[in-house]
Amino acid sequence: MGHFLLRRLFDAVPTVLLVLTLVFAAMRILPGDPALAALGDNALPEQLAAFREQFGLNQPLWRQYLDFLGGVLTFDLGRSLLHSRPVLEMLAHALPFTIELTIVATFIGVTIGVPLGVLAATRRNRLPDSGVRLFSLVGYAVPDFYLGALLLITFSLNLGLFPISGGGEGFWDRMYHVLLPAITLAFLKAAFIGKLTRTSLLEVFGKDYVRTARAKGAREGRVIYRHALRNALLPLTTGLGISLLATLSGSVAVELVFNRPGIGTLLIGAISERDYAVIQGGIIVFALLVVFVNLLIDLLYIAVDPRLRVQA
Amino acid sequence: MSAVTERLDLLAPEPSRLAIVRMVILNRPSTIAAVCLILVFVAIATAAPLIAPYDPLAQSYIKINQSPSWEHWLGTDQFGRDVLSRMIYGSRNSLIIGVLAPLVAAIIGTTLGVVAGFFGGIIDRVISRLVDLLISFPELLLAIIIAAALGGGFWNIVIVLAAAFVPNFARVARAQTMAVRAEPYVEAAVASGVTQLRIIMRHIIPNIAAPIVVLMTLWTASAIRLEASLSFLGLGTQAPQPSWGNIIRDGLNNLFGSPWPVIGAGLAITSVVLAFNLLGDTIRDVLDPETSP
Amino acid sequence: MTGPLLSVRDLRKVFNAQAGFGRPSAGVRAVDGISFDVEPGETLALVGESGCGKSTLGRLILQLIPASGGQVMFEGVDLVHLGTRPLREMRRRMQMVFQDPFGSLSPRRSVADIVAEPIDSFGLAPSRKARREMVADLLHQVGLPSSVMDRYPRQFSGGQRQRIGIARAIAAGPSFIVADEPVSALDVSVQAQVINLMQDLQESRGLTYLFIAHDLAVVRHIATRVAVMYLGRIVEIGPKARVYAAPHHPYTQALLSAAPNPDPDIPKRQIILTGDVPSPSNAPSGCAFHTRCPIAQARCRMEAPELRPVGGGHQAACHFATDHPIPVPS
Amino acid sequence: MTAAVEDRPLLRVDRLSVEFGGPAARLRVVDEVSFDIEAGETVGLVGESGSGKSITALSILRLVPEPPSHLAGGRVLLDGVDLTTLPRDQLPDIRGRDIAMIFQEPMSSLNPVQRIGDQVAEAILLHQKLDAASRRARVLDLLRLVGIPDPSRRIDAYPHQFSGGMRQRVMIAMALACNPRLLIADEPTTALDVTIQAQVLALLRDLKTEFGTAILLITHDLGVVAESCQRVVVMYAGRVVESGPVRAIFRNPSHPYTRALLQSIPRLDEERRRLHQIPGNVPPPGPLRAGCAFHTRCAERLLRCATDRPPMMQLGGGHQAACWLAGPMAQAPMAQAVTP
């Protein structure tokens, strides 16, 4: 058990390093001079020089790389050009909104998706099964921001049941604000998880040990929940990981539609305003979130699959 | 059913491939609908200049944010441009990117996958390491990072989307290659003195083609959706070029006035992506029966 | 060409299981120092249970997997230390028949292309027409109508696919064939057809077989000499009649007594070994069989016995292998 | 075998028929199969692949998924109770308690994510009112009984920590948990090495003598049948072609298929120049066929064999064969002649 965990932790370090290098390189190969692009064409030469000085752009690349890495380790991500606030502070403010959206969306998505999948698998080729398949087909196709816009139009604009924008203050108000965007993401996740549950269950139904369970006299209910679903958890865990990551990236667009002050809005805003430090910070946060989610899924995997926990 | 056919201790003679195709397509109305929709979509995209009522870029200050009318079936956007024409030209964008990006990704990804899977050793470890890293990133995030670096624009999006898909093709190709390489008929080829290159061409590629083609069809759907998302985020097709994504983006700030541009463009994306997903499932059932759920 | 067609000397193969994180593992000694000769026209059978390394040995001899040590002299040439180009030339003289009828034929290629693969690879067919004639003749030799040439493997039964595999194996006119459990996956009645075919081809084309199998009855029928393997080593080797009549190694005795005989009246002198076949990754010390051997002594744990002659070209690797078979504990 | 008290066998399979596929392509995989199993007896159900032996066995406990299969006729009487007409929700009461089953693939027949102790205890949990402690004790006894070393430590292990032979022993322990009167073993040793197979077959024999459990042994290996079974049922293309005491079948095979089969297997105990070859291939499952299923490959076929289906001819002593040539006036029993 420890061995597998240790290896996963040990793998995470180079991954983070590689990600940071990718981000560092990405920011440095922007077409044109970053200072010019940031300050605009009519910027005065000394302004450009001050900007380069501030961002150390005129130092040798490896020097910039070390400062960059040093900064990340000491949580000093530099200051935002436009809002002259430390990037870290802006990120810290925005992060909770993204996290809560992802968690609520995942919760709703899984609690709808898994039962739907079980329903479809156990009543194969009958109404619920084709219903779930249609639902997942649509779910796979609808772009998240489009669904968000539709829900926004009907529930917020026309019916006025939900706020039109903002993240809300205080627990209940934030929950009130997060619900509609979470439902948007949860709809797509339920479709994905539903289909995945259905396919993994159907695959498990074909396995020999399910037949053994029946031969022992277990009734269908026990066969499904005690044996089949328990084994379907393995592929489901991978599916959950993929869907968590998909929600993270989906949240960017949905935050824009619902005007939520999350990391997504921050990042997209920074990109359009060419605010380097914030872009860099935003991408780093997303990258670290991805690595964290992957680690989380590996831990879940150990809990679910004894073969990883216990050596032969 | 699979357990039962095994249990039959015997292989019933397999129906010819044509029979499967006919059976799968004919008795699935959804597939016929999907194929028709794709054909319509392709027709619109190719004949865009002929059927679009107005020039998609023509602005007019007097007709800003008009709701649908006989003159403008979907109304106009904040620059007075005809939304319907922009949608028609936008389909061109989606089609080309939707087909091009997965194609480019398939070629690069499959080559990497086959090389890693067939030769193994250090090449395999390096490629797999990179693929595992990139695959852990959702496509959209990867696309955003690269788009942020490269900026928008048609060819950049193709590169962005292709780069986002390459890891998936590489991983599928590698897994399939290793599976085929372990088959006795490849060992038989080695024993018959067939050179490695010819083994790849004659045995590996034909036997991994099916899952790759299925992946390409499914990725066409994702490419169209991702292009729309990127354009919506302002990282894809740059204004004033029309794309379904940025039509929705523009339409958002005129939701009060007329939600129709958003609803129209959204519907277009959803139906085309749905059609390609359906097509992908059907192709999988025909080409790769074992893996169909 | 006098002397053996094939002589294997101290052949080894170590599969290094993934060196664990930080702790290099010793690796799995799948083939642990094996030597034997095969005379032209002979059928040497390799018998043993799973994990004994018989399939690995077959692939090692044909250089389908690189050897970790030792020598494989084939027609006077050491294959282990041969360059790729000359080795490729030698492949024409030695071919392989596989166990899995469904995996040994590429699903996407026609029977003609499959059978003609060696012909194409060694450029033996001057023209397309000649190629088709050669394929037709080969199919005829294995009892299949030439009309099946353009069909695909999925349209054939297990037995028919094995015949196609055999046609491919003899296509380039080899002198030596490694048959890796060619009939294990077939039904009894189909098994007989393929065994008879292989014997007919041996007579008509003067083939030499290395026949790998786990079914002792099939081996008794087809082999001229038998080698019994356990955990990567040969524990007994000799002419079939002697090994079956008077097995000298306790493992061979256990194998022969365990194999069910289709005759209810034959008294079962059952030697039932206890425990499981140890895994090759941590093979027991000394004689690998000592953990399950009914007559194991202290010496067996310390010292691995070498093959020693017990008369008439018959050898056994056991400290207590005397010239008469070991008394079987009642 | 003395007749049972009320002359009623433990299990009677009477003209059982099973079909697959919809109305368009109806595959008759099991065609009017009949045989009896007396209490405490081992019956071998032998046949090549495609003979329908496994489907027959699975159909006794109706473990073949319906659809795509369905019972097309016949009865399965357990102590007079017809399992084919029993409502489906009452079947679980019989499965594992009166009739238990073990399967061919030890590697995939156990639940990979559940400890073996729980899997063996499950049948007890389902059929007997025992508290957890006594259930665990019972499982330890069972594991010891089937020869698993150090059961107290192994009870909490997972299937992937066991070898093929050990897993098959766990399967047997699981099947015998509620002391069933009949154990159906579907090719229990086919996937095992020959020395391990010997251990498992010996274990089955010992358990039978100790608990009097009847065994229906499904196999394609005639050696296993000769060694373990008292009576044999030979199947071909979904039908029973011959059945009877094991010595009668091996000494006096009265159906051409049984004879050909016995002559085409290489023998451990005797030299044979060339194996007898049954021409043609095992027929794929198809619709109901006229005449005798083996006639296309039978060297001794008569004209009528193609059209008239031979009834089961009684040859005395429970030995019967479905062949026009095997009538009461059958010729002298064919010795195990070496074929010319």
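Helices (H or I, at least four residues) and strands (E, at least two) are here DSSP runs, numbered from the N terminus. This is a predicted model, in which local features need pLDDT of at least 70 and side-chain atom pairs count only at pLDDT 80 or more, while totals for chains, interfaces and linings use all residues. Residues are numbered from 1 along each chain as its sequence is written, chains are lettered from A and ligands numbered from 1 in the order in which they are written, and side-chain values use heavy atoms, with hydrogens and water left out.

**Stop 1: chain B**

If contact is taken as heavy atoms within 4.5 Å, then 71% of the contacts in chain B with a separation of 6 or more join residues 24 or more positions apart.

Next, select Ser192(B), which sits in the loop between helix H9 (184–191) and helix H10 (196–232) of chain B. Is Ser192(B) buried or exposed? Ser192(B) is buried, with a relative accessible area of 0%, and, leaving aside residues up to four places away in sequence, Ser192(B) touches Gln95(C), Glu117(C), Pro118(C), Ser121(C) and Phe122(C).

**Stop 2: chain A**

Now select residues 95–301 of chain A, which UniProt, in an unreviewed entry, lists as "domain: ABC transmembrane type-1"; UniProt positions are given in the numbering used here, feature names are shortened, and annotations may be inferred rather than shown by experiment. Over this stretch of chain A, 85% is helix and 0% is strand, with the end C-alpha atoms 26 Å apart.

The unreviewed UniProt entry also lists residues under "transmembrane region", among them 134–155 and 278–304 of chain A. Select residues 134–155 of chain A to see a span that is 91% helix and 0% strand, with end C-alpha atoms 24 Å apart, and then residues 278–304 of chain A, a span that is 100% helix and 0% strand, with end C-alpha atoms 38 Å apart.

**Stop 3: where chain D meets chain A**

Show chain D and chain A together; the contact takes 29 residues from chain D and 23 residues from chain A. Between them the two chains bury about 2300 Å², 56% of it on carbon and sulfur atoms, buried area being the accessible area (1.4 Å probe) that two parts lose on being put together, summed over both. Across this interface there are 3 salt bridges, a salt bridge being a side-chain nitrogen of Lys or Arg within 4 Å of a carboxyl oxygen of Asp or Glu. To see a salt bridge, select Lys216(A) and Glu122(D), whose side chains meet at 2.9 Å, N to O.

On the chain D side, the elements that give two or more residues are helix H2 (91–94), strand E6 (99–102), helix H3 (116–127) and helix H6 (164–175), and H3(D) provides the largest share, 6 residues. Because 9 of the 12 residues of H3(D) are buried, H3(D) is largely enclosed by the rest of the structure. The buried residues of H3(D), including Glu122(D) and His127(D), pack against helix H10 (220–257) of chain A together with H2, helix H4 (132–145), helix H5 (151–154) and H6 of chain D.

**Stop 4: where chain C meets chain D**

Which chains supply the 41 and 46 residues of the next contact? Chain C supplies 41 residues and chain D supplies 46, and the two chains bury about 3800 Å² between them, 52% of it on carbon and sulfur atoms. The count here is 4 salt bridges; select Asp265(C) and Arg247(D) to see their side chains meet in a salt bridge at 2.5 Å, N to O.

**Stop 5: two backbone angles**

Finally, select Leu231(C), which has a positive phi of about 50 degrees although it is not a glycine. Most residues other than glycine have a negative phi. Leu231(C) lies in the loop between strand E9 (225–230) and strand E10 (233–239) of chain C, and is buried, with a relative accessible area of 6%. Asp79(D), which is not a glycine either, has a positive phi of about 50 degrees; its place is in the loop between strand E4 (69–78) and strand E5 (81–82) of chain D, and at 29% relative accessibility Asp79(D) counts as partly exposed.

Terms used. Buried means under 20% relative accessible area, exposed over 50%, partly exposed in between (1.4 Å probe, protein chains only).
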